[in-house]
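Please read the points below with the model open beside you.

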Amino acid sequence: MKIAKKLFNWLCFGSLILGINSCRKDGGPSWNTGIILPIAHASLSIDNLITDTLLTTNADGSVKLVYSTQFLGLNTDTLFNIPDTTISSPYHIPFGSLSAAPGTLLTPNTPSQTAFNANAGQLVFGIMDRGLMSLRLQNDIRKRMVVRYQIPSASINNIPFDTSFIVGAAIDSLHPTFLTAILNLAGYSIDFTGTNHDRVNTITILFSATIDPTEIGNTMIYPSDTVSAINTFSGIHPFYLRGYFGNQTIQIGPEETGFTLFKKIESGSIGLDSLTISIDVKNYVGMDSRLTINSVWSKNSRTNSTVYLTNPAVFGIPFNINRGVYASTWGDVIPSVYNWSFDNSNSNAKALVENLPDKLGYDVTLITNPLGNVSGNNDFLYSSHGIDATLNVEMPLNLFANQLVVADTILPDFASITNRESVLKGVLTLNAANSFPFSATVELYFIDILGNVTGSVVAQPNTIASGPVTLVNNYFVSQGFSNSQILIPLNEIQTQAFLNANKIIFKSKFDTNSNPTYAKIYGSNRLDINLSADFDYHVGN
């Protein structure tokens, strides 16, 4: 419950108490007095009862609820993953020993090509969103070495990857010198086709080692001496990939995701007149697929109740999903779009939502490239796009409610209260004006800073009357207000729990008392609540 107005006038009251105390002489008289203070005001509409929704108003003023949640998102990591890869580039003296002068190039300046495992995929090009290259250099030679490490197939702003390091001289033949560097590959474009552009999944490396020209005198290099680079690519995540993503069977689920439509409802039940559920699938990946939605279900964790959505023409049936296509703007994709609709006539869609779920489950099987490499290594994907599935609920708010408990929280501000110990007890007065076509009861729970319930209050009877209800076109409607007043007495213990509360939980229980006739909710329906407190204070000795 969102409280429109917080506690006020406490500071003025505190000043009054201080003024009385300052005029009192020791041993003077004492007495009890009562002061009525406004506590809070709230105006509740249907927005406060059902969350995360888009409410639209029909021509007659009644309300329709539209809720959407993504329950499946196949992204880059699910469809294609570039594994961590280690490349070793060692140099050894090929024959015997060698006396080398400063400036001598020791390694052949020829590229090496290393293939990495990409399962059934064949990458030809990628642009990196993030990724690291860990380079570990070793020098066994007793002179400083200039080591140059190049990846001719990787570039950023058309500048190939090219970096050099000076590795210190080895102390002796048993004690080499090491140097480690971590390099960021974000933003680099990488060609995975090798030097002759006839390969896939290939990284091309140029590694060279030169005796530092500033060294003095020759040095002996022995067959056991090594100058080497060990390079590990890790955490590679592409912004864009092109190639063939393989013929894979990917099982997604069974999994559950949050469903927040009824997150403020703690218990009770509802009955719905009608609704429509749709599942929308959008394929932003440049790859043909075959999608089977094995099952979709709703789960109410409070009641441990699970309801599976039924439709024999959809669930368990493979559907061919066409590839997305490039848009005219780089990075944009025109997806292929598919839709399945469920309503009262072809499914148990009502039961799925009447379950008041807090979780939505799904079990999906995806087969990539069911016809093979028909694109000639021109499948593509962007990390910002994938294969998305969204569940949409559209329902007129024509319903009946049975013992439906809704909970919400307010954060009181008691910082300005002085002489709180002088408060004895009191009465909370709740004045309500209700135009909803259902009645409500109210309970208050006081929560301390540790999250413990320190007290609760409720008056008997404590019913907020429904708005004036009439029957229109077989629906109960209310377009006026009914006024109710509830008095909630507080004893001394409850009063202190109230004043020391860090949070106050309001629980309201709603009943339409109309089953099997449905009540129609209008955008103008609301519940206005004014809460005030009449506290008894002890003043003086």
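1. Among contacts in the chain (heavy atoms within 4.5 Å) between residues at least 6 apart in sequence, 86% join residues at least 24 apart. The model is predicted, with local features needing pLDDT of at least 70 and side-chain atom pairs counting only at pLDDT 80 or more, while totals for chains, interfaces and linings use all residues. Residues are numbered from 1 along each chain as its sequence is written, and side-chain values use heavy atoms, leaving out hydrogens and water.

2. The chain holds 37 strands and 5 helices, where helices (H or I, at least four residues) and strands (E, at least two) are DSSP runs numbered from the N terminus. Of its 541 residues, 47% are buried, a term that stands for under 20% relative accessible area, with exposed meaning over 50% and partly exposed the range in between (1.4 Å probe, protein chains only). The chain exposes about 24,700 Å², of which carbon and sulfur atoms supply 52%; such areas come from the Shrake-Rupley method with a 1.4 Å probe, and for residues only the protein chains shown count as cover.

3. The largest nonpolar core has 119 residues, and those with the most contacts inside it are Tyr149, Ile151, Phe161, Phe262, Ile277 and Phe342. Strand E37 (residues 527–539) gives this core its largest share, 6 residues. A nonpolar core here is a set of buried Ala, Val, Leu, Ile, Met, Phe, Trp, Tyr and Cys residues joined through side-chain atoms within 4.5 Å. A second, separate core of 6 residues includes Ile127, Tyr284, Val333 and Tyr382.

4. Which residues does isoleucine 277 contact, leaving aside its neighbours within four places in sequence? They are Trp340, Ser341, Phe342, Ala349, Leu352, Val353, Leu391, Asn392 and Val393.

5. Most residues other than glycine have a negative phi, and most peptide bonds are trans. Against that background, the bond joining glycine 253 and proline 254 deserves a look, being a cis peptide bond with omega of about 5 degrees. Proline 254 lies in strand E15 (residues 249–258).

6. Asparagine 158 has a positive phi, near 65 degrees, and sits in the loop between strand E8 (145–156) and strand E9 (159–167). Leucine 356 also has a positive phi, near 50 degrees, and its place is in the loop between helix H4 (349–354) and strand E24 (359–368). Asparagine 158 counts as exposed because its relative accessibility is 75%, whereas leucine 356, at 2% relative accessibility, counts as buried.
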